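Try each task before you read its solution.

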Number of protein chains: 2
Amino acid sequence: MTMQNCRWVLNRFPDGAPVPECWRRDDAAVPEPQDGEALVRAIYLSVDPYLRGRISKAANYAAGVQIGEVMHGGGVGVVEKSRSSELPEGTIVEGFGFGWQDYSLQKPDAVRVFDPSLGPLHASLSYLGMPGITAYMTMIDTIQIKQGDVAVVSAASGAVGQIAGQIARIKGASAVAVAGSDEKIAWCKELGYSDGINYKTADDLPAAVKAACPDGVDAFLDNTAGPIHDAVMLNLALGARIAVCGTMDLSNRLDEPDMGRRFLRQILTARARMQGFLIFDHMDRFDSVRREIAGWAKDGLIRHREDIMEGIESVPEAFLRLLTGKNFGKQLIRISEGPGGIG
Amino acid sequence: MTMQNCRWVLNRFPDGAPVPECWRRDDAAVPEPQDGEALVRAIYLSVDPYLRGRISKAANYAAGVQIGEVMHGGGVGVVEKSRSSELPEGTIVEGFGFGWQDYSLQKPDAVRVFDPSLGPLHASLSYLGMPGITAYMTMIDTIQIKQGDVAVVSAASGAVGQIAGQIARIKGASAVAVAGSDEKIAWCKELGYSDGINYKTADDLPAAVKAACPDGVDAFLDNTAGPIHDAVMLNLALGARIAVCGTMDLSNRLDEPDMGRRFLRQILTARARMQGFLIFDHMDRFDSVRREIAGWAKDGLIRHREDIMEGIESVPEAFLRLLTGKNFGKQLIRISEGPGGIG
């Protein structure tokens, strides 16, 4: 009997907002590792906003998923069979190339070994993984957050935003959370955000930013583009730094020009700096930053919330929840049990 | 008999494009310097694009000119009477606070002594002055131009653009000039620009930028905003650096939102960096950069073209020429004769 690998493949490109029918199940035999490869069983899979860009026909920073291909996505798992001396059986590995499936073949340079003493396995996909490291590098390297700064973070209760606000706090800055429900704002304040704006209920978003940041916004971690971006750009402090980290609000219209208000005068008069950020450029720092965040977490300086669904069958639904902001905390899917019950 | 000081004061705010009636003559007695002040006779006055922002009601980076006040503007002149030991009679000084008038009172911290051995007096307002130093600091500090870069400069035949292209060349980069006539493009190529785009006759500006920069734009000195900005933003190379130095295209609509295409996706996917620049933040570097450019000019590495009108009565016309791109080279107005015939 051949073991089955449950897989979700792209069924069609979305026309606007993705729907469940964009994917279909296409199970296959569990593949055999070739020389230099390891067979990895997924324990958790991650769904992340950047995956929306992978199923757009628009030109993008990474090659997209083609119809019939396994949908892209990161995960953490355990090596079950190995033909790579660098990835012996039982090793816990985390990587961006798991795909929406139970089993994947991995080469050593496509994954990172995860040390379970740093935190729970799923943390390797949240505060000790891509979102946490993105928050660290945007706030510290790109924005250069410093004591006394007033920061605004959009999608503040999301996987990146939760950590970004806490890093601002650790560095002596104050941070204002922008999120889509009062419950999310309340959670952000528990984490150490000094204030919050519910963008869904705010009457006048620029006025709300002005009220929260009367002396202007020094640092802006932009995860959304759209109206939140606009509201912050009208409230820049002199010398503001802006990291363009995500464009969630544009997700369903990546194939068309983004029309609206432009802010070159504001950038000029504030002498602001705006910089695009992609974690894939910074993989050389991944391990050292992961260890630093793990240290903060052990000292109780970083807390985190996950939103975990169960089973490979839930992956498309989990992704759609993420895209519509229905998740509360880092959206993950538990696929199988960790070795020795860890995870 | 009291000597007269010919002065242009703001008569009304422009409604759209400025017209000659925005200013009126309001001559007055030549003022007397008080303790710590010097009376300076203007030899050249400068008109610069940033002055358009000073007569807009929109919030701006510098307090605007009020109705009845002498119009702002920089100049170079000679101290005729002094009650400041730092500015003895006969000193040549250059500063931003001359105003559109024959005589002004200056304090030592508002002007810079200009050493005539560095170049002609009017150079202190062009390649050895604010425009040249702006070009240097945007290209070298903000953009960090480097060997092999492909740069695009808008308003390339203007006071800043002429120098920016030559600095790109000195640093081993190639530069594409965007300007408004074939004659201006030809001049830019004489200066060392490798290619040029006449934005007034190009059918498809994004396609023209793509043709001139097939591997994308690494460095963009944006002096205009508007359609040239848009065309370049659609052609960014990975890691592009953009200095927002001027917004000439928005000059006559500073009071209204700038609507159009936005480029957050392009900034993200190119990991581009965009930064607003104002020379007023960098006055501590003025003298050292001036000397470096003077050295290049003496070595024949920097050439420059001026467009000089005559007499205080010409100042509003010179400014309107500048705003409509009718000038060819740095727009200056010769007001009086330099001491000992220099200038």
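## Exercise 1: Two packed helices

The crossing of α2(B) and α3(B) is right-handed. Keep in mind that this is a predicted model.

**Task.** At what angle do the axes of helix α2 and helix α3 of chain B cross, and which residues meet?

**Solution.** 
Step 1. Packed helices are described by the angle between their axes and the distance between the axes.
Step 2. Helix α2 (residues 130–142) of chain B and helix α3 (residues 159–170) of chain B have axes that come within 8 Å and cross at roughly 45 degrees. That makes α2(B) oblique to α3(B), because angles under 35 degrees count as roughly parallel and 65 to 115 as roughly perpendicular.
Step 3. Now look at who meets whom. From α2(B) come B:Pro131, B:Gly132, B:Thr134, B:Ala135, B:Tyr136, B:Met139 and B:Ile140, and they meet B:Ala159, B:Val160, B:Ile163, B:Ala164, B:Ile167 and B:Ala168 of α3(B).
Step 4. Sorted by class, this contact has 11 nonpolar, 2 polar and no charged residues.

**Task.** Now turn to chain A: which hand does the crossing of α2(A) and α3(A) have, left or right?

**Solution.** 
Step 1. Helix α2 (residues 130–142) and helix α3 (residues 159–170) of chain A pack at about 45 degrees, with axes 8 Å apart. They are therefore oblique to each other.
Step 2. The crossing of α2(A) and α3(A) is right-handed.
Step 3. Among the residues of α2(A) in this contact are A:Tyr136 and A:Met139, and α3(A) contributes residues including A:Ile163 and A:Ile167. The contact divides into 11 nonpolar, 2 polar and no charged residues.

## Exercise 2: Salt bridges

**Task.** Which parts of chain A does the pair A:Asp48 and A:Lys330 tie together?

**Solution.** 
Step 1. The two side chains meet in a salt bridge, with 2.9 Å from N to O. A:Asp48 lies in the loop between β5 (38–46) and α1 (51–54) of chain A, and A:Lys330 in strand β18 (residues 330–334), so the pair ties together parts that are 282 residues apart in sequence.
Step 2. Check the surroundings. A:Asp48 counts as buried at 5% relative accessibility, and A:Lys330 is buried at 2%.

**Task.** Where do B:Arg271 and A:Asp281 lie, and what does the pair join?

**Solution.** 
Step 1. B:Arg271 forms a salt bridge with A:Asp281, the closest N and O atoms being 2.7 Å apart. B:Arg271 sits in the loop between α7 (264–269) and β16 (273–276) of chain B, and A:Asp281 in the loop between β16 (273–276) and α8 (286–298) of chain A, so the pair joins two chains.
Step 2. At 17% relative accessibility B:Arg271 counts as buried, whereas A:Asp281 is partly exposed at 37%.

## Exercise 3: Enclosed helices

**Task.** How many residues of helix α9 of chain B are buried, and what covers them?

**Solution.** 
Step 1. In helix α9 (residues 315–323) of chain B, 7 of the 9 residues are buried, so the helix is largely enclosed by the rest of the structure.
Step 2. Those buried residues are B:Val315, B:Pro316, B:Ala318, B:Phe319, B:Leu320, B:Leu322 and B:Leu323.
Step 3. Their cover includes β2 (8–10), β3 (23–25), β5, α1, β17 (306–310) and β18 of chain B.
Step 4. After α9(B) comes B:Gly325, with a positive phi near 70 degrees.

**Task.** Which residues of α6(A) are buried?

**Solution.** 
Step 1. Helix α6 (residues 226–233) of chain A has 7 of its 8 residues buried, so α6(A) is largely enclosed by the rest of the structure.
Step 2. They are A:Gly226, A:Ile228, A:His229, A:Asp230, A:Ala231, A:Val232 and A:Met233.

## Exercise 4: Positive phi

**Task.** Is B:Ala225 buried or exposed?

**Solution.** 
Step 1. B:Ala225 lies in the loop between β13 (217–222) and α6 (226–233) of chain B. Its phi is near 60 degrees, a positive value in a residue other than glycine.
Step 2. At 1% relative accessibility, B:Ala225 counts as buried.

Key
Residues numbered from 1 in each chain as written. Chains lettered and ligands numbered in written order. Predicted model: local features only at pLDDT ≥ 70, side-chain atom pairs only at ≥ 80, totals over all residues. Heavy atoms only, no water. Salt bridge = Lys/Arg side-chain N within 4 Å of Asp/Glu carboxyl O. Helix = DSSP H or I, 4+ residues; strand = E, 2+ residues; numbered from the N terminus. Buried < 20%, exposed > 50% of the residue type's maximum accessible area, 1.4 Å probe, protein only. Axes fitted to C-alpha atoms, helices over the stretch in contact; angles between N-to-C directions. Parallel < 35°, antiparallel > 145°, perpendicular 65-115°, else oblique. Left-handed = near helix turned anticlockwise from the far one by under 90°. Contact = heavy atoms within 4.5 Å. Nonpolar A, V, L, I, M, F, W, Y, C, P; charged D, E, K, R; others polar.
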